[in-house]
Amino acid sequence: MNFRIVSFNDLSPIELYGILKLRSDVFVVEQQCVYSDLDNKDLKSFHAFSKLKDEIIACSRIVPPGLSYSTPSIGRVAVCNSQRGKKIGKLIMEKSIEKCKFLFSGMPITISAQSYLEKFYFDLGFKTVSEPYLEDNIPHIKMMLEH
């Protein structure tokens, strides 16, 4: 398994296509959620992804402070259906957190987590800081990781 974190400009067209396809497969098709994934934040973000052979099997997006929140954030975390249960989601989050801490030293990390994943993010050190709310008709909670 190959793992990388790069800026938007350092993504190859094939990598960008693979990331966008995975996000579409998971968030739009699988979760049956019609939303605008292309929000211009990708252009200023770092993209973490894992490939198995030539297929992107997991991804996340590290958003600098000031775009989503006043703090850096991690979002668009997705793992392809065939690779779930193999701790790839945990690995991509650990690598994303590590990169966030390197890029934005001393700043907390904010996420908007789907509510059913609260324990997953809690186990990575995030604390819930909001009541549940709807985002694109899916229950979410705001969580933060201090360091």
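T71 sits in the loop between β3 and β4; helices (H or I, at least four residues) and strands (E, at least two) are DSSP runs, numbered from the N terminus. This is a predicted model, in which local features need pLDDT of at least 70, side-chain atom pairs count only at pLDDT 80 or more, and totals for chains, interfaces and linings use all residues. Residues are numbered from 1 along each chain as its sequence is written, and side-chain values use heavy atoms, with hydrogens and water left out.

**T71 and its surroundings**
- T71 counts as buried, at 8% relative accessibility. Buried means under 20% relative accessible area, exposed over 50%, and partly exposed in between (1.4 Å probe, protein chains only).
- The side chains of T71 and T110 are joined by a polar contact of 2.5 Å. A polar contact is a pair of N or O atoms within 3.5 Å; within protein, one must be able to donate a hydrogen and the other to accept it, and residues adjacent in sequence count only if both atoms are side-chain atoms.
- Leaving aside neighbours within four places in sequence, T71 is in contact with P64, P65, G66, M107, P108, I109, T110 and M144. Contact means heavy atoms within 4.5 Å.

**Helix α1**
- Helix α1 covers residues 13–30, and its 18 residues should span 26 Å at 1.5 Å a residue. The expected span is 1.5 Å times one less than the number of residues.
- The end C-alpha atoms of α1 are 24 Å apart, which agrees.
- At S24, α1 bends by about 30°. The bend is the angle between axes fitted to the seven residues ending there and the seven starting there.
- E15, G18, I19, L22, R23, V26 and F27 are the buried residues of α1. Their cover includes β1 (2–7), β2 (46–52), β3 (55–63), β4 (73–79) and β5 (109–114).

**Positive phi angles**
- K53 is not a glycine, yet has a positive phi of about 60°. K53 lies in the loop between β2 and β3 and is exposed, with a relative accessible area of 78%.
- K87, also not a glycine, has a positive phi of about 65°. K87 is in the loop between β4 and α2 (88–103) and counts as exposed at 66% relative accessibility.

**Cysteines**
- The disulfide count is zero, a disulfide being a pair of cysteine sulfur atoms within 2.5 Å.
- The closest cysteine sulfur to that of C59 is in C80, 9.8 Å away, too far for a bond. C59 is buried, with a relative accessible area of 1%.
- C100 is in no disulfide; the nearest cysteine sulfur, that of C59, is 15 Å away. C100 is buried, with a relative accessible area of 1%.
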